[in-house]
Amino acid sequence: MQPSDQVPFTDLGAMAREVWPDIEIAFTNALLSGQYIGGSPVDAFERAWATYCGAKHAVGVANGTDALELTLLALGVGAGDEVIVPANTFIATAAAVVRAGADPVFVDVDADTLLITPEIVRAAISPRTRAVMVVQLYGNMPDMDGLRAVAERAGIWLIEDAAQAHGAEWRGRRAGSFGIASCFSFYPGKNLGGFGDGGAVVTSVPELADRVRALANHGRSLGSAHYEHSYVGTNSRLDALQAIALSGKLAHHERWTEARIALAGRYRTRLTGSWARLIDVSPAARHVYHLMVIRVPDRERVQKALIKQGVQSGVHYPVPCHLQPPLRRYADRPLPVAEQAAGELLSLPLFPHMTAAQVDRVCRTLDEALEEVLADVRAA
Ligand SMILES: *Cc1c(COP(=O)(O)O)cnc(C)c1O
C-alpha cells in the first residue's frame, strides 16, 4: 500500500503549515522579546475570541479542564452542591465538578443526538442542584433555548462545556453566548487549537470574568500589586505564544469550519442507507463537526478492517463517565442510552484539509467492513 493511500484521523501539521506564514513575524518577535506570559498577544486574542463567540469577555487559561474548574470555583459551586453532567462526554467535564468539591449527577442522553435535552435535565434537578454542564459534544448543539428555560426556571447556572464546539450555533447564536459562562479548550486537536494546551472562559458578566482571571493568576485581583492576593488561586494562564498561534488560526477558522461541514455532509450523503447509524442534527443547529461520529455493530472488528486498509479511526468515548472507576461512586442507576452507545460509537477521519476522495475511500472501506460483519451475523 502506498503511504498516500493512508487516511489519517486528523492532520494538525497541514493547519500549522497554512497559518505559519501569517504568524511567523509575530511569533518570532514575541519569542525574542522575552515576554512570554500575558501581554498584548493574550489581550488581543481574548478580545477576538469573545467577539467571535458573541460575548463580552474571554479569559485565557491553561486548558479546557481548568476553564471548567475555575468557572465552578468562581461561581461558588462546591461542597454539598450538585452539578448535572451528561454521561456521554469527555471525563474532564465531570472531573472538574469533583475537583471543585461538588457532586456530579450523571444523566442519560437522547438516543438520536447523544446530547442532553431539557426534559432530561428537568427530571434531574434537586434542591441541591446549582448548575448544569451543557456539553455540545462532537460540535453538535442541543436545544439551547429549552435548556436555558429549564435552568432559568429552576434558578441554576447553565455552564457550557464548549470544548468541542468552536463556532457551533443554535438559531444563529454561537456556542459561548448561552451560559453564565462557557468553557473552551484549545488543545491542539480541537477545532481551534494551539501549538500546545490552552483554554478560555467566555462570559458576559464582568465580575465573573474578573474572578476567573484572579483565580487563574494566583488569586491576584485586577490592579493589585504583584504580591497582593485576594484569593487562594492557582496558576492557569494562556501564554503569549499560544495566543499568537490562536489569533492566527482564528483568521482561518470559519473557512476551516465550512470545510469540515462540507466533508461531513459528503459523509452523511454517502452513509445514508448504509448500516452505519448517523447522529441527528437539529435544523436549528450549526454542527461544526469536531468529530464525525457514527454508530456501528461490532465496532472492534470494523476498526480493525479500517486500519488494515490504512484508515485511522477513534472512539469518543468507549466508557461513559459514570462507569469510569473514580466516578462510579456518583452513579446510582444505569444510563442505558449512553451505555449502549459507548459500545457502538466510531469517529471517522475528519479535518479541514481532508479531500473528498479521502471521504469516499473511508466510506468504501467502511461499507466493505460492515458487509463482512453483517454477512457473519446473517450466517449465525
Ligand atoms: C477536550 C475537552 C475538555 C478538556 O479540555 P483540555 O483542554 O484538554 O483540558 C473538556 N470537555 C470536553 C467535552 C472536551 O472535549
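How many salt bridges does the rule count? The count comes to 20 salt bridges, where a salt bridge is a side-chain nitrogen of Lys or Arg within 4 Å of a carboxyl oxygen of Asp or Glu.

## Basis of the model

This is a predicted model, in which local features need pLDDT of at least 70 and side-chain atom pairs count only at pLDDT 80 or more, while totals for chains, interfaces and linings use all residues. Residues are numbered from 1 along each chain as its sequence is written, and side-chain values use heavy atoms, with hydrogens and water left out.

The chain is assigned domain 1 (12-248) and domain 2 (252-379), with bounds that come from an automatic or database domain assignment. The C-alpha centres of domain 1 and domain 2 are 25 Å apart, and the contact (heavy atoms within 4.5 Å) takes 43 residues from domain 1 and 38 residues from domain 2.

The size of an interface is often given as the accessible area lost when the parts come together. Here domain 1 and domain 2 bury about 3,600 Å² between them, with 60% of it on carbon and sulfur atoms; buried area is the accessible area (1.4 Å probe) that two parts lose on being put together, summed over both. On the side of domain 1, the residues that lose the most area to domain 2 are F106, Y138 and N191, which together account for 21% of what that side buries.

Between domain 1 and domain 2 the count is four salt bridges. E169 forms a salt bridge with R286, and the closest N and O atoms of that pair are 3.9 Å apart.

At least two residues of the side of domain 1 that touches domain 2 come from each of α1 (12-33), α4 (91-99), β3 (103-107) and β6 (169-170), where helices (H or I, at least four residues) and strands (E, at least two) are DSSP runs numbered from the N terminus. Of this side, α1 gives the most, with five residues.

## Ligand surroundings

Of the 15 residues around the ligand, G64, T65, Q164, S185 and K190 come nearest, a residue being near if one of its heavy atoms lies within 4 Å of the molecule or strand. An oxygen atom of the ligand is 2.5 Å from an N or O atom in the side chain of T65, and an oxygen atom of the ligand is 2.8 Å from such an atom in the side chain of Q164. For the side chain of D161, a nitrogen atom of the ligand is 2.8 Å from an N or O atom.

## Local features

R130 forms a salt bridge with D81, with the closest N and O atoms 3.0 Å apart. R130 lies in strand β4 (residues 129-135) and D81 in the loop between α3 (64-74) and β2 (82-86), so the pair ties together parts that are 49 residues apart in sequence.

In the backbone, the peptide bond from H316 to Y317 is cis, with omega near 10°, and Y317 lies in the loop between α9 (299-308) and α10 (336-342). R171, in the loop between β6 and β7 (173-174), has phi near 50°, a positive value in a residue other than glycine.

Terms used. Polar contact = N/O pair within 3.5 Å; in protein donor to acceptor, adjacent residues only side chain to side chain.
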